[in-house]
Amino acid sequence: MPPLTIALVVPVVVIALWWTGSLPDSLEVVADAHEGIETLQAELERETAAHQAAVAALRRTQQELEMQRAEVQAFAADIERQESELLMLRDELAFYRRLAEGAEGDGLGIRALRLQRTGQARGFDVTFQLYRPGLNRSLDLEWSLEVEGYAAEGEDRIVLDADALGVDADRSVAGLRLLRGQRVRIRLPEGFEPQRLTLRAVAKDEENIEPVAEQVAWDRLLEEIP
């Protein structure tokens with residue numbers, strides 16, 4: 001029998017058997033199994049899509065949490081910085097009040113001795129404040145500084161005075177009342193290893209006012225550089 005004839009006859013026979021109720025049970029089982037597979041496949045696709053959506057939502061939530069956590073940390077750091085600045089401002093205000101009231105005594109004082117980098121090789125700015133308590137009291141004074149250390153290839157202690165450090169600023173202060181800030185640029189010689197910095201101040205024509213000095217380790221000054 002030709003193939004075309006077979007293709008036409010088989011469907012006719014199947015339809016006739018179904019019409020007469022003579023379709024084998026095995027064909028019905030195959031049809032049910034195929035339908036079940038399609039149902040499971042559709043369910044699997046739905047569950048897969050739902051899972052992928054849940055994973056995507058989880059990742060978005062994690063990213064949002066990371067951003068929120070970073071914002072919280074930034075806010076906390078900012079609050080901590082502000083609290084530190086407020087504490088410093090309170091201390092400064094209390095000091096100025098005591099200074100104006102003359103509560104810091106009658107002598108000279110040195111405070112806020114610091115180093116600042118200049119961007120030049122072995123160059124630094126030395127900043128400090130000189131003060132004398134009392135609104136109605138003023139005096140003239142002179143200051144000096146020196147840096148103590150060692151040469152790179154030597155064991156002998158070396159003390160460099162202001163001239164050796166290249167200081168060209170005026171080292172006298174006229175009419176100091178309460179407080180005066182100073183900034184001085186120094187330059188360390190090549191091969192010199194600094195150990196400590198000393199600042200001194202002495203009043204002119206005021207024998208009853210004791211000279212003052214402050215000495216700070218060089219490494220400590222470097223640690224305080226922002």
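Helices (H or I, at least four residues) and strands (E, at least two) are DSSP runs, numbered from the N terminus. The model is predicted: local features need pLDDT of at least 70, side-chain atom pairs count only at pLDDT 80 or more, and totals for chains, interfaces and linings use all residues. Residues are numbered from 1 along each chain as its sequence is written, and side-chain values use heavy atoms, with hydrogens and water left out.

The hairpin of β1 and β2 has five residues between the strands, and Gly 119 takes a positive phi near 90° there. Arg 122 is found in the loop between β1 and β2. Its phi is also positive, near 60°, in a residue other than glycine. Arg 122 is partly exposed, with a relative accessible area of 25%; the classes are buried under 20%, exposed over 50% and partly exposed in between, computed with a 1.4 Å probe on protein chains only.

Strands of a sheet pair through backbone hydrogen bonds, either parallel or antiparallel. Here three strands form an open sheet in the order β1-β2-β6, with antiparallel pairing. β1 and β6 stand at the edges with a single partner strand each, so one side of each has no neighbour in the sheet. Neighbouring strands of this sheet are turned by 20° against each other on average, direction ignored. The axes behind this angle are lines fitted to C-alpha atoms, for helices over the stretch in contact, and angles run from 0 to 180 degrees between N-to-C directions.

Strand β6 includes Leu 178, which has a positive phi of about 65° although it is not a glycine. Arg 132 belongs to β2 and is buried, with a relative accessible area of 6%. The C-alpha atoms of Arg 132 and Leu 179 are separated by 6.4 Å, while the two residues are 47 residues apart along the chain.

## Nonpolar core

A nonpolar core is a set of buried Ala, Val, Leu, Ile, Met, Phe, Trp, Tyr and Cys residues joined through side-chain atoms within 4.5 Å. The largest such core has 33 residues, of which Leu 108, Leu 130, Trp 143 and Ile 186 touch the most other members. Two or more residues each come from β1 (109-117), β2 (123-132), β3 (139-151), β5 (172-176), β6 (178-187), β7 (192-203), β8 (212-217) and α3 (218-223).

With neighbours within four places in sequence left aside, Ile 186 is in contact with Arg 122, Gly 123, Phe 124, Val 126, Leu 145, Val 147, Leu 165, Val 167 and Trp 218. Contact denotes heavy atoms within 4.5 Å.

## Aromatic pairs

Rings of Phe, Tyr and Trp (its six-membered ring) pair if their centres lie within 6.5 Å; planes under 30 degrees apart count as stacked, over 60 as edge-to-face and the rest as tilted. A search of the whole structure finds two aromatic pairs. The rings of Phe 124 and Trp 218 have centres 5.4 Å apart and planes at 90°, so this pair is edge-to-face. Phe 124 lies in strand β2 and Trp 218 in helix α3, so the pair ties together parts that are 94 residues apart in sequence. Both residues, Phe 124 and Trp 218, are buried.

Phe 128 and Trp 143 also form an edge-to-face pair, at 5.3 Å centre to centre and with 70° between the planes. This pair links distant parts of the chain, with Phe 128 in β2 and Trp 143 in β3, 15 residues apart. Phe 128 and Trp 143 are both buried.

## Glu 148 and its surroundings

Glu 148 is a residue of strand β3 and is buried, with a relative accessible area of 15%. Its side chain and that of Arg 157 are joined by a polar contact of 3.4 Å. Such a contact is a pair of N or O atoms within 3.5 Å; within protein, one must be able to donate a hydrogen and the other to accept it, and residues adjacent in sequence count only if both atoms are side-chain atoms. Beyond its neighbours within four places in sequence, Glu 148 is in contact with Arg 157, Ile 158, Val 159, Phe 192, Pro 194, Gln 195 and Arg 196.

## The chain as a whole

The protein chain has three helices and eight strands, in the order α-α-β-β-β-β-β-β-β-β-α from the N terminus on. Of its 226 residues, 22% are buried. Among contacts between residues at least 6 apart in sequence, 66% join residues at least 24 apart.

Methods: Two strands pair if DSSP finds at least two bridges between them.
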